[in-house]
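Here are a few notes to read alongside the structure, written as numbered points.

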Amino acid sequence: MDKKIISLLGSTGSIGTQTLDVAKSLGLPVSTLAANRNIDLLERQIREFRPKTACVYDEEKASELKNRVKDLPVKVLSGMDGLCACAADYDADIVLTAVSGMIGFLPTVEAIKAKKTIALANKETLVAGGSVVTALAREKGVQILPVDSEHSAVFQSLLGCKDRKREVKRIILTASGGPFFGRDREFLKSVKPADALKHPNWSMGSKITIDSATLMNKGLEVIEAMWLFDVPLSKIEVVVHRESIIHSMVEYTDNAVIAELGEPDMKIPIQLAITYPERYECDVKPLDFTSLKPLTFAKPDIDAFRCLPLCIRAAEIGGTMPAAVNAANEIAVGLFLREKIGFLDIEKIIAKILNLHKMVKNPTADDIIKVDGDIREYVSENYASVITEG
């Protein structure tokens, strides 16, 4: 196996720590590690994996880490500039972006400019800036490999497809339904962050877990799939599959359906993105078909969970609208986690931005960054009036 050198952005989160488990099991070197502010864990990772560069987004925490690891030959960077420097690391073969939220956009752009293979676990990058990122990747000849379990499943189900425009009938993204599947809006009015963070199948970070509970995550994944696989929105559907055994499917024009199945464990898509086009043994429980419970499927309840149709509407409008809606959602989720707003207020804020934002049709990277900043500022300052309007 080629000893691919990994630059890991978001090393202290759920995807990041599992990526390091995969790197350790495969004996792959890690040249850079980057985190937001969890320097206790980052220090332990630095001492174990001995990267030449580390970055802490929080500048005060970066200064503290620099003092802690002064006995090691590691350069400690900070802020967005440091994150971008890690993404463009000269030594790295593959950049795995596992940072949470829109913060991953610019580093991914810099990694593509440096012609690094991208293992993408940060869906917001393509949601907000899909046109910019995919055009740049084509220009630089860079491959973007999905790490999300659903998109990895689609990627694998498309292997061997020679003409996607002609051969692919539907991409079917599976959704667990989150912790509130089957609940009505009356119930959803009173749920608390602790309730929403109890995902039935996956262990993930808090932001993505809330997105799963609102079904916003599935809307973001629909947009991401459009850009990753160059298919129109009309060919992407969502189906609720509570067991999370089928991770997504592709239906072809001859009505054959190809799916990827496995235990709900992120190590499989992480490892495949790193080792592609080869496969290796992975420390994941094998699927035992003889003990599987029945697999169930249902349509998503878009009346109860309105973030999904709002997100798809943003995709239909296009331009900077997905970036605006994504920014609104990130701030709204943060407010909900701090118990400043209710669960259903998240969708109110998104709907407000969907109606308010004046879309830029063919955005540049600068346009996307400006829209993201403007929407965050607006929502942060006006959320109280927005949620009372509804």
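This is a predicted model: local features need pLDDT of at least 70, side-chain atom pairs count only at pLDDT 80 or more; totals for chains, interfaces and linings use all residues.

1. Leu215 sits in the loop between α11 (206–214) and α12. Its backbone also deserves a look: Leu215 is not a glycine, yet it has a positive phi of about 70 degrees.

2. You will find Glu339 in the loop between α15 (321–337) and α16 (345–356). Is Glu339 buried or exposed? Glu339 counts as exposed, because its relative accessibility is 55% and the exposed class covers values over 50%.

3. Another backbone feature to check is the peptide bond from Tyr276 to Pro277, which is cis, with omega near 15 degrees. Pro277 belongs to the loop between α13 and α14.

4. Phe289 is in the loop between α13 (267–275) and α14 (307–317) as well. With 58% relative accessibility, Phe289 counts as exposed. Together with Leu261, Leu295 and Phe297, Phe289 forms a nonpolar patch on the surface, and the four have about 370 Å² of accessible area together.

5. Asp2 is exposed, at a relative accessible area of 56%. Which contact does it make across the sequence? The C-alpha atoms of Asp2 and Thr275 are separated by 8.3 Å, although the two residues are 273 apart along the chain.

6. Now to the charged pairs. Side chains of opposite charge can pair when their charged atoms come close. How many salt bridges does a search of the whole structure find? The search finds 29. In one of them, the side chains of Arg68 and Asp40 meet at 2.7 Å, N to O. This pair links distant parts of the chain, with Arg68 in helix α3 (residues 59–68) and Asp40 in helix α2 (residues 39–49), 28 residues apart. Arg68 is partly exposed at 28% relative accessibility, and Asp40 is partly exposed with a relative accessible area of 41%.

7. Two further salt bridges lie within single helices. Arg376 and Asp372 meet through their side chains at 2.8 Å, N to O. These two residues are separated by about one helical turn because they are four residues apart in helix α17 (residues 365–389). Asp372 is buried, with a relative accessible area of 10%. Elsewhere, salt bridges that share partners join Asp40, Glu43, Arg47, Glu64, Arg68 and Asp71 into one network. The other pair is Glu316 and Arg313, whose side chains form a salt bridge at 3.3 Å, N to O. Both lie in helix α14, three residues apart, about one turn of the helix. Arg313 is partly exposed, its relative accessible area being 41%.

8. Finally, please look at the second largest pocket, which has a volume of about 440 Å³. It is lined by 14 residues, and Thr134, Trp227, Leu228, Phe229 and Asp230 lie nearest its centre. Which helix gives the largest share of the lining? That is α12, with four residues. Helices α6 (124–140) and α12 (216–229) each supply at least two residues of the lining. By type, the lining divides into nine nonpolar, two polar and three charged residues.

Methods:
Residues are numbered from 1 along each chain as its sequence is written. Side-chain values use heavy atoms; hydrogens and water are left out. On a 1 Å grid over the protein atoms alone, a cavity is a set of points where a 1.4 Å probe fits but cannot get out, and a pocket is an open set with protein on both sides within 12 Å along at least five of seven lines; lining residues have an atom within 4 Å of a point. Grid points are joined across faces, edges and corners, and a volume is the space filled by probe spheres set on the points. Ala, Val, Leu, Ile, Met, Phe, Trp, Tyr, Cys and Pro count as nonpolar, Asp, Glu, Lys and Arg as charged, and the others, Gly among them, as polar. Patches are made of residues with over 30% relative accessible area and no salt bridge: like charges are joined within 9 Å, nonpolar side chains (Val, Leu, Ile, Met, Phe, Trp, Tyr) within 5 Å. Accessible areas come from the Shrake-Rupley method with a 1.4 Å probe; for residues, only the protein chains shown count as cover. Buried means under 20% relative accessible area, exposed over 50%, partly exposed in between (1.4 Å probe, protein chains only).
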